[in-house]
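User: Can we go through this model together? I'll ask as I go.

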Amino acid sequence: MSAAKGASLRSLFESAKQSPFRTCQWPSGDPQDLETFSYCGAPTLPPHSYCAAHVKQAYRDPDEEREAARAAA
Ligand SMILES: [Zn+2]
């Protein structure tokens, strides 16, 4: 019983080592305005500090980014 507890504590420590955050740190709203500013808060996708959707957004391929900009224009 205590061994199982030790193992789960160790896995918690391992995940903490991968990312300091357990919730998505993607900012939303205006950083100058604390009334509207907040973080996404979704569970992170280790080892990143963002959720799956925001990791995708943060590490988007530059070519894909250009395509998206052209499509939006
Ligand atoms: Zn997010």
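User: What share of the contacts between residues at least 6 apart in sequence join residues at least 24 apart?
Analyst: That share is 31%. Two residues count as in contact if their C-beta atoms, placed from the backbone, lie within 7 Å.

User: What should I know about the source?
Analyst: This is a predicted model, where local features need pLDDT of at least 70 and side-chain atom pairs count only at pLDDT 80 or more, while totals for chains, interfaces and linings use all residues. Residues are numbered from 1 along each chain as its sequence is written.

User: Which elements does the chain have, and in what order?
Analyst: The order from the N terminus is α-β-β-α-α, with three helices and two strands in the chain. Helices (H or I, at least four residues) and strands (E, at least two) are DSSP runs, numbered from the N terminus.

User: How much of the chain is buried?
Analyst: Buried residues are 7% of the 73 in the chain. A residue is buried with 20 or more other C-beta atoms within 10 Å of its own, exposed with 12 or fewer, and partly exposed in between; C-beta atoms are placed from the backbone.

User: Where is the cis peptide bond?
Analyst: The bond from P46 to P47 is cis, with omega near 5°. Most peptide bonds are trans.

User: Is P47 buried or exposed?
Analyst: P47 is exposed, because 10 other C-beta atoms lie within 10 Å. P47 sits in the loop between β2 and α2, and its C-alpha atom is 9.3 Å from that of F21, 26 residues apart along the chain.

User: And where is H48?
Analyst: H48 is in the loop between β2 (38–39) and α2 (52–58). H48 has 17 other C-beta atoms within 10 Å, so it is partly exposed.

User: Switching to V55, what does it touch?
Analyst: Leaving out residues up to four places away in sequence, V55 touches L45, H48 and Y50. V55 belongs to helix α2, and its C-alpha atom is 7.6 Å from that of L45.

User: Why does V55 count as partly exposed?
Analyst: Because V55 has 17 C-beta neighbours inside 10 Å.
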